[in-house]
Amino acid sequence: LSLAQIEAMYETILVASGVCNIQLSGGEPTVRDDLTDIVRLGVHKGFTFIQLNTNGLRLADDPAYAVSLKEAGLASVFLQFDGITDRAHRSLRGRDLRSIKERAIRHCAGAGLGVVLVATLVPGVNTEEIFAIIRYGVSHAPTVRGVHFQPISYFGRYPRSGPADSKRITLPEV
């Protein structure tokens, strides 16, 4: 989308909902070189809480990027964080991302950006790490301000015929 299209979307949201929280999601929003402009535009339109939903790769690679997003008005980072073990990362993302996630959190801390850790829970893969993820978040406070658990949904890149209901996990179970 162009900035003009995004501006029109911001205006539609304002008419429909008034000032509300905005989460920039994707795909991966940090692949856009104009993301700071998108954040700045949202702030200019009056949105007071803009959150970035990201895998954190670009934040980990460039500490100045986190600073530029904060200066544009970004309030929070919703960071993909599926576990604390190599196994969880390799199972869900294909490679060990622990050091990358750690750098992304450190760079957000340096920029003054709060982080919410977001774990996609898959039974038998990372559900045994729930308490360890919470402890990790607490140990990185005040930068890490929360942990969000989302049970895996079986669509998109995951098989449409997921496991039997007895093999799934729900938010009440978490």
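Val39 touches Leu24, Ile50, Leu69, Ala72, Gly73 and Leu74, leaving aside residues up to four places away in sequence. The model is predicted. Val39 sits in helix 2, which spans residues 35-44. Is Val39 buried or exposed? Its relative accessibility is 1%, so Val39 counts as buried. The cut-off for buried is under 20%. Thr170 lies elsewhere: Val39 and Thr170 are 131 residues apart in sequence. In space, their C-alpha atoms are 33 Å apart.

Take one of the partners of Val39, Leu69. Beyond its neighbours within four places in sequence, Leu69 is in contact with Leu35, Thr36, Val39, Leu52, Leu59 and Leu74.

Now step back to the core. The largest nonpolar core has 38 residues. Which of them touch the most other members? They are Tyr10, Leu24, Leu59, Leu69, Leu74, Val77 and Leu117. Helix 6, residues 98-111, gives this core its largest share, five residues. In soluble globular proteins, nonpolar side chains tend to be buried together.

Five strands form an open sheet in the order 1-2-3-4-5, and the pairing is parallel. Which strands lie at the edges? They are strand 1 (22-24) and strand 5 (144-151), and each pairs on one side only. From one strand to the next, the twist averages 25°.

Look at one end of the sheet. Strand 4, residues 114-121, runs parallel to strand 5. How many bridges join strand 4 to strand 5? There are seven. Across this pair, Val116 stands opposite Gly146 in strand 5.

Pro142 lies in the loop between helix 7 (130-139) and strand 5. The peptide bond that joins Ala141 and Pro142 is cis. Its omega is about 5°.

Last, the cysteines. A disulfide is a covalent bond between the sulfur atoms of two cysteines. How many disulfides does the structure hold? It holds zero. Cys20 counts as partly exposed because its relative accessibility is 25%. Cys108 has a relative accessibility of 1%, so Cys108 counts as buried.

Notes
Residues numbered from 1 in each chain as written. Predicted model: local features only at pLDDT ≥ 70, side-chain atom pairs only at ≥ 80, totals over all residues. Heavy atoms only, no water. Helix = DSSP H or I, 4+ residues; strand = E, 2+ residues; numbered from the N terminus. Buried < 20%, exposed > 50% of the residue type's maximum accessible area, 1.4 Å probe, protein only. Contact = heavy atoms within 4.5 Å. Pairing = 2+ DSSP bridges. Axes fitted to C-alpha atoms, helices over the stretch in contact; angles between N-to-C directions. Disulfide = S-S within 2.5 Å. Core = buried A, V, L, I, M, F, W, Y, C linked by side-chain atoms within 4.5 Å.
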